[in-house]
Amino acid sequence: MTEQKESLVKSSFFIRTCSGIVLVLLALFFILTGGNILLLGLGTVSLVGLFELYRVMEIHDKLLGYTGYAISIAYYIHLHFAAEDRAQLVFLFILALVLLLAVYVIWFPAYRCEQVMAAFFGIFYVPVMLSYIYQCRVVDGGIFLVWLIFISSWGCDTCAYLAGITMGKHKMAPVLSPKKSVEGAVGGVAGAIILGFLFGTVFRMQIPLENPPFVCAAVCGIGSLISMIGDLAASAIKRDHEVKDYGTLIPGHGGILDRFDSVIFTAPVIYYTIMYFM
């Protein structure tokens, strides 16, 4: 029985590692290509993630959910044609709320009010926040700066995991995420800061920031703290609705939201932090 468990653990680790490598390769392709290819890729990932969230909220195959998908597509079209027009963007979100409420009242009592709020929340939580990967990519030096998002999220996650399994003793959130430890969190933040410093040192000539090593370290430190909130927030939603994973799209990882939960929070924070330093 023990040998069987060890075999399953090794198999799971192998699948998870292979999926992680594929994810990194896909990220490299889309981010290095940039432009409309990246925007289309992010739009697709956002819709899948929104579908996963809506499925948890039980509106993924209903008119309320379809309205959320349509608004998300409209948002990405807006990014393509008029990303700098903030007035249109505000109008789009006002229109989104009006449309969702229209579905709610016309088909009342088919939907609960919390489902309408979840539909509106989902548009911001997945498509809008993930879109900051694209917005970070298109700034001056974005082909390098955009990687700070992934260093802050995936880098922090990896360092936290390694620190947790070697030194973890004190539970950080025992009810919400029993496997996470205070030592792991500290290791994750420290690891992200070190990785950011190394990244800034290697690409200091290509990064349009003053003193890139220290700025990148600071940006990654801030981003790593936020990434933990994103990770725990996604876990809290799953706990509330008693689901283990958002999906099964990525073998060994779960769904899009299971893998991008920290990236979702980190992307806008990194974008605005970079804008501040610029």
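Reader: Let's start with Tyr276: is it buried or exposed?

Author: Exposed, with a relative accessible area of 69%. Keep in mind that this is a predicted model.

Reader: And which kind of aromatic pair do Tyr276 and Phe277 form?

Author: Here's the general idea first: a pair of aromatic rings is described by the distance of the centres and the angle of the planes. Tyr276 and Phe277 come out edge-to-face, at 5.5 Å centre to centre with 75° between the planes. Phe277 itself is partly exposed, at 35% relative accessible area.

Reader: How many aromatic pairs does a search of the whole structure find?

Author: 20 of them. One is stacked: Phe121 and Tyr125, with centres 5.1 Å apart and 15° between the planes. These two sit four residues apart in helix 5 (residues 113-130), so about one helical turn separates them. Tyr125 counts as buried at 3% relative accessibility, while Phe121 is partly exposed at 39%. There is also a cluster, in which ring pairs link Tyr75, Tyr76, Phe93, Phe120 and Phe124.

Reader: Back to Phe277. What is Val215 in contact with, leaving aside its neighbours within four places in sequence?

Author: Phe277, along with Leu209 and Glu210. Val215 belongs to helix 10 (residues 212-241) and is buried, since its relative accessible area of 11% falls under 20%. Its C-alpha atom is 7.9 Å from that of Phe197, 18 residues away along the chain.

Reader: Last one: where does Ser181 lie?

Author: In strand 2 (residues 177-181). Ser181 is buried too, at 8% relative accessibility. A polar atom of the Ser181 side chain lies 3.0 Å from the backbone nitrogen of Gly184.

Notes. Residues are numbered from 1 along each chain as its sequence is written. This is a predicted model: local features need pLDDT of at least 70, side-chain atom pairs count only at pLDDT 80 or more; totals for chains, interfaces and linings use all residues. Side-chain values use heavy atoms; hydrogens and water are left out. Buried means under 20% relative accessible area, exposed over 50%, partly exposed in between (1.4 Å probe, protein chains only). A polar contact is a pair of N or O atoms within 3.5 Å; within protein, one must be able to donate a hydrogen and the other to accept it, and residues adjacent in sequence count only if both atoms are side-chain atoms. Contact means heavy atoms within 4.5 Å. Rings of Phe, Tyr and Trp (its six-membered ring) pair if their centres lie within 6.5 Å; planes under 30 degrees apart count as stacked, over 60 as edge-to-face and the rest as tilted.
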